[in-house]
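Student: I have a new structure to read and would like to know how to go about it. Where do I begin?

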Amino acid sequence: MATEYQPEDIETKWQRHWEETQAFRVPDDDPRPKYYLLEMFPYPSGKLHMGHVRNYTLGDVVGRQRRMRGFSVLHPIGWDAFGLPAENAAIKNKRHPADWTYSNIAFMRQQLHRIGVGYDWAREIATCHPGYYRWQQLMFVRLFNKGLAYRKGARVNWCPSCQTVLANEQVEGGQCWRCSSRVEQRDMEQWFLRITDYAEELLKALDGLEGRWPDMVLTMQRNWIGRSQGTEIEFPLEEADAAATGARGVSVYTTRPDTLFGVTFLAMDPSHEIARKLAARHGRAKELEAFIEKCSVAESLRTDADRDEEKLGMFLGAYCRHPFTGERVPLVAANYVVAEYGFGAVMGVPAHDQRDFEFARTVPLDGEKSIAVKVVIQPPGDAMPLRGEEMTEAYVEPGVLVGSPGFEGLASTDAITKISEEVERRGLGKRTVRYRLRDWLISRQRYWGAPIPMLHCERCGVVAEREDRLPVVLPEDVELTGEGGSPLGRHPTFSKATCPACGGPARRDTDTMDTFVDSSWYYLRFATPRLETAPVGAKEAQRWMPVDQYIGGIEHAILHLIYARFFHRVMQDVELLPRDIGREPFAHLLNQGMVCLYCEKCQRSHAMSKSHGNTIDPEEMVKKYGADALRLFMMFLGPPQAQFDWKDEGLEAAWRFLGRVWRAVDGAAERLQGAAGGGNRQAAAGTATHKLRVRTHRTIKSVTEDIENRLQPNTAIARLMELTTQLTEHLAQGAAAEFDAAAVREAAETLVLLLGPLTPHLAEELWERLGHTGADRVLDHAWPGYDDALLAGERIQIAVQVNGKLRANLEVEPDIAEEDLKARALAHPGVQSHVGGKTPRRIVVVPGRLLNVVL
RNA sequence: CCCCGGGUGGCGAAACUGGUAAACGCAGGGGACUUAAAAUCCCUAGCCGUGCAAGCGGCGUACGGGUUCGACUCCCGUCCCGGGGACCA
């Protein structure tokens, strides 16, 4: 009567069951403890790929296990539905982005069902729905009112042929990713969010995530925020120049004020306002324009392969004064000065900064023979003193100050403080903290995104839309041609509105928000996905926040995670979120690795992607082997963080294993039907029954630890394979000698329950075959516990080493006295032959593990 | 150039706090069942040496050193691979 493992029927049966019973709906008022599990929501690109399967399977394993552990698990799913691909597809296929997006969602939703992932579908959201993005518009208005959203001119990537701004990621080797035209830099008015106000808090709070987030992500975020401690110093201009520019001097920011006396030039961003004015005054305006163009060309020609930046410079014809010595310091425009950082100007110290050194060596300036390399820090100790003319690279290490009147002989580390104090005393500047993090540019000249709810009124200027007039709905009747400016700007009526302040005519802003805004707060919306009075209900936010486990790809290590951390805080600060839910949205983070395919031609593996043409379709694999086998394979091949290469043989192996489980448990179920209950719970040590029980309980212990604490299903599966093998063997041998119904039932049921999170369909089916019917399901069954006493009573293996080399294995009682153990070890023939009558100098005993005889 | 990971059999990997390196699986070899094949089950398996053989000895976690009774694990140096950032003063 033995049956075959037929995944297809089983899987549809249980998927239907879960759907009909709405098994994964979760109420907000369950008295049990909550667990909020979230995987990064997908972009509805068309169909699921293997990366999705891996991501969502891992989440499902964790979610189902926590549920069996007695948690009320919130496991929602939604769609990151705005974005450029929909717009491009619309242009190409003459299909509306909404239509394209929603039909992709429908298809992928059904695919998620087919791999058996348990979501609370009643909470499904899509960011392109007005019921979602209206709240984002409200947030924007609130941020604007608090001065946290603002407009300013910014230099942006502009494609002259597509007539739009491009994100940095959309520029490849200086060319537009769509039409390959050369990208230009343009100054345009754009919307920004003041994330830099939160730089310090975002940085400090990372310490609290230590051990809960991967180190790599914490480091990447720290570097991205890039805090530095330095000093601002003003270099006074000569009187005539000061009068002409309206500036007293040129300010710089430095982290090395100890090298102040080594300054031999002062470099400015070529577009620096003072630089332009100085150039104009000294008859070099045209030359500067040409220089700016030259820098821009050099910049756009730069490719990833060629990151060695050439230093370009131009003398502005003017000088400033060294603030301490009064010496004349030439002012230059240089391409290596970053406009947006510090003051857009730096002091040039060729002797002690590598970039300044290269600049001084490669850029000759008219009116100057060449820029001097002036050493003001000498290496400590007896090292040869440095001479500027002979140096081949800058000396950037600490040392002792020379040529710095008033600070001679000081250690450079002390001089940083001393010189800064002197700068402050003289009123030339102050010590400050700066960050690399820039404010977040969120406006896009795109159609398929959330409209920015702002108006431009001739009389009142820039005005926020009234809150009660939100949402500003994205119009559907828009023509997408792919050419020329923001599509919303071409809509006949969209931009025509009335000013909320004066009632007069006003022009609606036609930009939409960066889609990263959409994904910065979606995890909150899942608490109250349909609420019509606020983005999130306070009570529900308090119930569910924070996300206990967040799972997703490493590619979001910086941007998405920093934006979400920012939104979590800023929403509290504009009273859209209760303040008592904590400042961090994600308590634990796991970055799962990519799914790759080995390429014979390149002798290496590449991430599966449509553009590489190296994808494997999950749907086909499910058809062939079933969802359970696919899930198991994905979990078994390696630890979740590691990249893995797809192997057909691996999937077949998973499928074979499930066949073995099926035969073992189904076989056990058949035998158990006829057998009497009861059985011998105190099977004597050494008997097959006892061994089976020990194996069962040991498996519970390791699988629990592997899934619950270590998030390593791969090793859990290895233990489950061992239990399956032993159960199979036991049934084969036990036929003649012993058949303890209770122990066999225990082993079979344990195996099924522990497989529940990994291969849920198979587990439910076998559970039913073991006689459990009605409401008794694996899904809601308690996670099994193990009997410590049973494991403790086991005889243990002790490794015996002589001088650190393994010479024997002893099997002993767990409570053996140390003296007895030593005696038995020394008596062992294999040990004796190596001790050879010598007296041991020392015997190291590690209880329960090993004994080392040191001669 | 800077910062993070990582380097273990033919392959994916395991070894969790320094304590028997290679669990579990894939591919391989041998066998059972079968007319045959598929499926299934069993055995085997790091490398070198030695022995007719059970065995015995040595080497072995990228490389070189160190700490320790004992190192894949800790420390110092070198090489290679992957990822991120990159003129941030």
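Student: Which helices and strands each supply at least two residues of the lining of the second largest pocket?

Tutor: To read a pocket, ask which elements its lining comes from. Here, in a predicted model, the elements are helix H7 (215-225), strand E27 (589-592) and helix H20 (688-709). The largest share is that of E27, with 4 residues.

Student: How many residues line the second largest pocket, and which lie nearest its centre?

Tutor: The lining has 25 residues. Nearest the centre are Arg-212, Pro-214, Leu-589, Leu-590 and Gln-641. The volume of this pocket is about 460 Å³.

Student: How many residues of that lining are nonpolar, polar and charged?

Tutor: A lining can be sorted by residue class. In this pocket 10 residues are nonpolar, 9 are polar and 6 are charged.

Student: Next, the RNA. How many residues surround RNA strand B, and which are the closest?

Tutor: A residue counts as near the strand if one of its heavy atoms lies within 4 Å of it. By that cut-off 56 residues surround RNA strand B, and Thr-254, Thr-255, Lys-311, Arg-355 and Arg-438 are the closest. Of the RNA atoms that come within 4 Å of the protein, 60% belong to sugar and phosphate.

Student: Which elements give two or more residues to the surface near RNA strand B?

Tutor: Among them are H7, strand E11 (249-254), helix H19 (648-674), helix H21 (713-734) and strand E31 (796-802). H21 gives the most, with 6 residues. By class, this surface has 22 nonpolar, 13 polar and 21 charged residues.

Student: How many helices and strands are there in chain A as a whole?

Tutor: Chain A has 26 helices and 34 strands. Its C-alpha trace spans about 110 × 85 × 55 Å along the principal axes. Of the 855 residues in chain A, 54% are buried.

Student: What share of the contacts between residues at least 6 apart in sequence join residues at least 24 apart?

Tutor: Separation along the sequence is how such contacts are sorted. In chain A the share is 72%.

Conventions
Residues are numbered from 1 along each chain as its sequence is written. Chains are lettered from A and ligands numbered from 1 in the order in which they are written. This is a predicted model: local features need pLDDT of at least 70, side-chain atom pairs count only at pLDDT 80 or more; totals for chains, interfaces and linings use all residues. Side-chain values use heavy atoms; hydrogens and water are left out. On a 1 Å grid over the protein atoms alone, a cavity is a set of points where a 1.4 Å probe fits but cannot get out, and a pocket is an open set with protein on both sides within 12 Å along at least five of seven lines; lining residues have an atom within 4 Å of a point. Grid points are joined across faces, edges and corners, and a volume is the space filled by probe spheres set on the points. Ala, Val, Leu, Ile, Met, Phe, Trp, Tyr, Cys and Pro count as nonpolar, Asp, Glu, Lys and Arg as charged, and the others, Gly among them, as polar. Buried means under 20% relative accessible area, exposed over 50%, partly exposed in between (1.4 Å probe, protein chains only). Contact means heavy atoms within 4.5 Å.
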